[in-house]
Amino acid sequence: MEVKEKFTSARSSWLQSIHPDDRQMVIDAMNGQIKTDGKEQPKYNIEYRILKSNGKYIWVLDFGKVVEYDEKGIPKYMVGFTLDITEKRTIEDLDYRDWK
């Protein structure tokens, strides 16, 4: 399997693990970072739910940024990280319900 095929397979698995209500928002945010015609873009920064192998959803905060483009302005490299923010979101949800 070539690198491009491995990436496509991993990306597809990742997209399928995103909660259906959040998936399009994440796709739109990623496309905003990738389809830039080589122009500098702000960092990708989004909160969404993702399915874990145990069958439960967790909330994550995902950061990323294209750091290198090829000569045609197509992104070559993107770096980032993902943080589990489930506890933070649970506390926020509880606080919100208390204010209602």
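**Entry 1: Asp 22**

I looked up Asp 22 and found that it counts as buried, because its relative accessibility is 6% (buried means under 20% relative accessible area, exposed over 50%, and partly exposed in between, with a 1.4 Å probe and protein chains only). I note that this is a predicted model, in which local features need pLDDT of at least 70 and side-chain atom pairs count only at pLDDT 80 or more, while totals for chains, interfaces and linings use all residues. I also note that residues are numbered from 1 along each chain as its sequence is written, and that side-chain values use heavy atoms, with hydrogens and water left out.

I then placed Asp 22 in helix 2, which covers residues 20–34 (helices, H or I with at least four residues, and strands, E with at least two, are DSSP runs numbered from the N terminus). Not counting residues up to four places away in sequence, Asp 22 touches Tyr 48, Arg 49 and Trp 59, where contact means heavy atoms within 4.5 Å.

**Entry 2: the partner of Asp 22**

Which residue forms a salt bridge with Asp 22? I found that it is Arg 49, with the closest N and O atoms 2.8 Å apart (a salt bridge is a side-chain nitrogen of Lys or Arg within 4 Å of a carboxyl oxygen of Asp or Glu). Arg 49 lies in strand 1 (residues 44–51) and Asp 22 in helix 2, so the pair ties together parts that are 27 residues apart in sequence. Side chains of opposite charge can pair when their charged atoms come close.

**Entry 3: further salt bridges**

I searched the whole structure and found six salt bridges. One of the salt bridges joins Glu 47 and Lys 88, whose closest N and O atoms are 3.6 Å apart. This pair links distant parts of the chain, since Glu 47 is in strand 1 and Lys 88 is in helix 3 (residues 86–99), 41 residues apart. I recorded Glu 47 as partly exposed at 27% relative accessibility, and Lys 88 as partly exposed with a relative accessible area of 38%.

I also looked at Arg 89 and Glu 92, whose side chains meet in a salt bridge of 3.9 Å, N to O. Because they are three residues apart in helix 3, Arg 89 and Glu 92 are separated by about one helical turn. Arg 89 is buried, with a relative accessible area of 17%, whereas Glu 92 counts as partly exposed at 35% relative accessibility. Salt bridges that share partners join Glu 47, Lys 88, Arg 89 and Glu 92 into one network.
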